[in-house]
Amino acid sequence: MVHLTGVYDMKAEKIEEVLELAQSYCIINNNEQQLPLNVLRGKMVGLLFFEPSTRTKASFYRAAKNLGADVIDLQAGFSSVVKGESVLDTALNLQAMGLNALVVRHSAAGIPDLLAQNTGISLINAGDGAHEHPTQALLDLLTIKQEFGRFAGLNVLIMGDMLHSRVARSNIFAMNALGANVSVGGPATLVPQALSSLGVNIVHDIDDALAAADIVYMLRIQKERQQGGLLPSFSEYAALFGVNERRVALLQKHAIIMHPGPVNLGVELTASACFSSHSRIIKQVNNGVAVRMAVLHLLLNK
Amino acid sequence: MEILIQGGTLVDPSQDVYEQQDILIRDGFIVQIAQSIDSAGKTVIDAAGKLVIPGLIDLHTHLREPGGEHKETVLTGCRAAAAGGYTSITALPNTNPVMDDWRTVNYVNMLADRAGLVRVWPVGAVSKNSAGKEMAEIGTMVKAGVKAVTDDGRGVADARLLKNALLYCKQFGIPLFEHCEEESLAGDGQLHEGVVAVKLGLPGISSSSETVMLARDLLLAEESGAHLHIMHVSTAKAVEMIRQAKASGLNVTAEVTPHHLLLTEEAADGYNSMAKMKPPLRTDADVKALRLALADGTIDAVATDHAPHTEAEKTGDFQSAPFGIVGLETAFPLLYTHLVKPGLLTLDQLIDRMSCRPAAILGVPHGSLKPGFAADLAVIDVSNEQVIDRHSFLSKGKNTPFDGWPVYGVPAITMVAGRVIMKDGIILDA
């Protein structure tokens, strides 16, 4: 592995390799063994985020530090849309300074691919537009693996704004590769029919789908969607597509609820659903550090 | 001075000829076509083993000048046209300033005269500054030489403005060229709303963004009786609508680009901004429908939508890259290789759609090699394979998704009014 721009091209064995290493890092992190390790001593990792981020950025920072790498936060301005060519210029300059890996988040889909093709730095996609967010999918997979010990045959229901979600895309690609059955649901304006070409089943009866699911993955609904005319209101969304107490009661006993965060409480999840015994949302965040350690390790420790 | 084009296979749909014929040219005009013409005292051009065809005519050329000289100039666009076998091109009005009055038309005419290569037919704007509010001075522009009007780059969103402009165009005997795109549907779309857009996570441009405006335009064409020309048709549904409109007697014509005939949305996979254009590349079913429509005449013409952009603009990220690709230097070889050679279109049909019909749509006395017509022609080499190399284009724009494609049918000679302006890829400036 040289870059991690997406999970689309990752083979199942490669995903399993990342998860295996991540699991061992998970144990190390949670046992408060002596950190940092020396795995990436002398390596330099840059964080270049053109969009706001709390957990992803902090998680990459922590992961790189845990492995003994130096981290520079490049403090990219995220107020203006920066054109591809100047991002490339930035990356080439960082390469000249000896940077080993660059973690990039950008509102334009395809920026990580562009940088990966045109620089010699290891590129890690921390979210590009509505395209991919591969480390999120990998940490989600680790959470599922810890819970079920397998992927094949699991029923995954992803609910919400499929049109604009990079988390959904990465998870669909990865879960398909690992043999899970992926269904998607939500308002028709946010669940394009063409999604079925990605090998997912589009569901219409939410209650039935919830009852059949092993994993319920709720996506964040963004405020702009209402302004863009795709949704009448948040309250209607909550009533029709949100998971509330009544819907939690429909779940199988072993089913888990996941969410990439931050949760809009009262919209896609009520507080009671978010903090119910089914929820693995905090566990996902915990796994994020270990997964990103595994990714950095596999890309840089050669 | 007399020029004899000897031994070539003349393919001229305007006179239903497809056989070996010599062509005699005097003072820039065709004077005789016969099996064997005596060459004594004449300048001989050997066309043995090659095709001789009426010069190609492009209905849709963005020359960028004035205002966009970093992308293309009238001169570089004319050189690219000559290399591609074109003897007539258009100058679309989305320049800076917009070509929306006789002064800018005169300026572009002057630049074209100065270039002294192919004929350049100016196409004026429908509305002032192409802003879609007030009608431009269409009548005066017609006096200055425009052969059509368009607000291309955008459609005419205001229905009343379009209706009035159609009435005006009818009075002055020119077609209105329409870019059909309902912007409230196209939004910030980047490529066809389909499987590739979903995979790449990019906003899509629906087929309905084309057909919704087309439906309205056809109604207004019917009501006004004006000649409405639909630019760059991209969807099977639009083809069906145009077919019906023609069957019911509307004065409607249509064009399709080489890229919409040869590529699908898949070409944009991997964020290939060389395959980013408007309208977007669509699906396999659309490509099939467009090919059939070109063959059966529902679509009258092939037009390049030659849209040069700089390398920096086209090699950034997909979302910042501008829409459009160049086409003048690749159109004929691509379509000859991929439509004529496999038998999807006859050679006569291709030449008709790239020369005769475009001439008729513009209302210019070209697109034929009958005696009496100007000697605007191309000699085409169909025996040798060449590989498209975008870096060798004469256009300033190197933006094409066809780089590296092997093709047959590259023009060997382009002649305008009896003067050879291109030979074996070399431009012979006046």
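**Notebook: salt bridges in a predicted model**

I looked up B:Asp352 and B:Arg353 and found that their side chains meet in a salt bridge at 2.5 Å, N to O. The term means a side-chain nitrogen of Lys or Arg within 4 Å of a carboxyl oxygen of Asp or Glu. B:Asp352 and B:Arg353 are both buried (under 20% relative accessible area; exposed is over 50%, partly exposed in between, with a 1.4 Å probe and protein chains only).

I note that this is a predicted model, where local features need pLDDT of at least 70, side-chain atom pairs count only at pLDDT 80 or more, and totals for chains, interfaces and linings use all residues. Residues are numbered from 1 along each chain as its sequence is written, chains are lettered from A in the order in which they are written, and side-chain values use heavy atoms, without hydrogens and water.

Next I followed the network: salt bridges link B:Lys246, B:Asp300, B:Asp352, B:Arg353 and B:Arg357.

I then checked B:Lys288 and B:Asp284, which form a salt bridge of 3.3 Å, N to O. They lie four residues apart in helix α10 (residues 284-296) of chain B, so about one helical turn separates them. Helices here are DSSP runs (H or I, at least four residues), numbered from the N terminus. B:Asp284 is partly exposed at 46% relative accessible area.

A:Lys145 is partly exposed at 27% relative accessibility, and A:Glu16 is partly exposed at 27%.

Last, I looked up the total: 28 salt bridges over all chains.

Note on methods: Helices (H or I, at least four residues) and strands (E, at least two) are DSSP runs, numbered from the N terminus.
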